[in-house]
Amino acid sequence: ARQRLLVLWSGRDPRDNRPRPPSTPVRELLDRMTASFRFEGGRSLVTSHPLQPFSPRAFGGPAGPLVSYDRTMAAAAEVATSARREPPPLFARGALPPRPVPSGATELRLDELSRWLNSPTRELLEKRLGVRLAQDLATVETEDTQKVQGLDRYAIGDAVMAAVLADQPVEAIAAAALRSAMVPVGTAGVQAVAEAVAQATEIGLATKKLRGGAPTEALAIDIELGPPEDRVRVVGRLEGMITGGRVTPRFSALKAEKQLQAWVQHLAMSAQAPDRAGRTVVVGRHQEGGAEVLCLGALGETPEAREAEARRLLLELVTIQRAAERAPLPFSAEAAEAWTEAAAASESERRGKAEKAFDGDYKGKKDPYVWRVWGAEPLFVEPEVLGVSLAEDLRFEALAARIWAPLVAHRSWAEVSP
C-alpha cells in the first residue's frame, strides 16, 4: 500500500462523454511528474478508463490495464458494437389518453398547478408515467466548500425573515447557523452567514414597510372551474393577506419561475376574494444585493370584473395543465420571458433568445426529464419529431402568449429601502 499512489478524478462528462480536466493540484502534480521522470516505452502516466462498464474498450484486444470479466457487461458491449438503430420517440404512440373524469370535481392544488406550468415535461413523466430519473450528474457542479449551498442559504434566510416579521432578534439564528454543518468553518462561514442575514433582514423590513403595520391572515382557496361534466376544484392556502391584497416575502431571486408561481396565486386570490383582492406584492432578493419588489396589479376596477377576469385566466391555465398531462409541452417560463421581452426583435433573434434561455434553464434543457424527451432537439422543433401532434395553441409561441403575456400585462417592478 505504501509503494503505489493512485489519484482518481472524473475525466468524462457523464451525459455527453466530453473530457473533464483534473483539478488544479492534480494537474500540477502531473506536470511535475512528467517533467521529472521518463517512463518505459513512452507509457503514459494517466490511464483513461471508459465512462461506462459496458464499453467495448474493456473487452476487446490483448490483455492490458483495461480488462473486465463481467459477462453481463460483455454482452452489452457486443450490442454496442452492432449495427445501431434509432430509438423511437418516447411518445411514439402519440399523446396519452385523458385522465378518467371522477364523479365530482377533480381537485387541483395551487402548488401542483404552478409545478405543471413551470415543469410540464417533468410532471408528465413523474405524475402520469411514473418515471423517476436519477439525478442528472451533468448539472451537479463540484460544491464550493467555502460557500453556503443554495438550500442551506435559503433555510437561513427564511428563518431570519420570519424573525424580522415577528419582531424577534436574529442574532440567535446567525449563531445557530455558524454552529451547524451547513456553514464552512472560519472567516468564509462568518461572512457567508452575515451576508445572508443582512439580505434576509432587508427583505423582512421591506415587507413590513409595504404591509404598513397591518395584521396579516391566511386565505383558503376553493374555486370550481369548468363545465359541470368536467369540473376542476382549485384548492390551496395563501399567507400574507392584508386589506387590499397580499404582501409576501421570498428569500430568492424573483426569476421567471417565481413570477409564474406568484401569478397563479394572484389569480386564485382574485377569484376567491375579489372584494378584498387588489394587488399582489412579492419582496425578493435583488441579484445585486438588497430587495426587489414584484407587483401584480388588480385585474379589474370592480370586484365583479376582478373575479370574472381571474376565473377566465385561471381556467385557461388549468386547460393548459390538462393538456400537459397528455403530451410534452414546449414551454419554460425563462424561455417565455426571453421571447416576450424580445418582441421588437426579428423572428430569428427572438427564437435565438428563447432557445438560449430554454437551454440554460434548470426547468428547461438542464432538467434531465426535459433532456430525456427533447434530447438535442431545439425548443421550436415540430412536435411530430417527439412523437406527438400538438394543436397550434399548444406550440411554444402560443403558450407564451397564453401563459406569460397576461402576467407581463399586470407586472411592474420596484426597489424598496426599509
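Are tryptophan 339 and phenylalanine 396 buried or exposed? In this predicted model, both tryptophan 339 and phenylalanine 396 are buried.

A pair of aromatic rings is described by the distance of the centres and the angle of the planes. For tryptophan 339 and phenylalanine 396, the ring centres are 5.8 Å apart and the planes stand at 80°, so the pair is edge-to-face. Tryptophan 339 is located in helix α10 (residues 333–341) and phenylalanine 396 in helix α13 (residues 396–409), so this contact ties together parts that are 57 residues apart in sequence.

Phenylalanine 396 also pairs with phenylalanine 380. Here the centres are 5.3 Å apart and the planes lie at 85°, so the arrangement of phenylalanine 380 and phenylalanine 396 is edge-to-face. Taken together, Trp339, Phe380 and Phe396 form one aromatic cluster.

Charged side chains were examined in relation to aromatic rings as well. Arginine 350 lies over the face of tryptophan 339, a member of the aromatic cluster, at 3.8 Å from the ring centre. In another such contact, the charged end of arginine 285 sits over the ring of phenylalanine 251, at 4.9 Å from the centre of that ring.

Definitions and conventions: Residues are numbered from 1 along each chain as its sequence is written. This is a predicted model: local features need pLDDT of at least 70, side-chain atom pairs count only at pLDDT 80 or more; totals for chains, interfaces and linings use all residues. Side-chain values use heavy atoms; hydrogens and water are left out. Rings of Phe, Tyr and Trp (its six-membered ring) pair if their centres lie within 6.5 Å; planes under 30 degrees apart count as stacked, over 60 as edge-to-face and the rest as tilted. Helices (H or I, at least four residues) and strands (E, at least two) are DSSP runs, numbered from the N terminus. Buried means under 20% relative accessible area, exposed over 50%, partly exposed in between (1.4 Å probe, protein chains only). A charge sits over a ring if NZ of Lys or CZ of Arg is within 6 Å of the ring centre and within 35 degrees of the ring normal.
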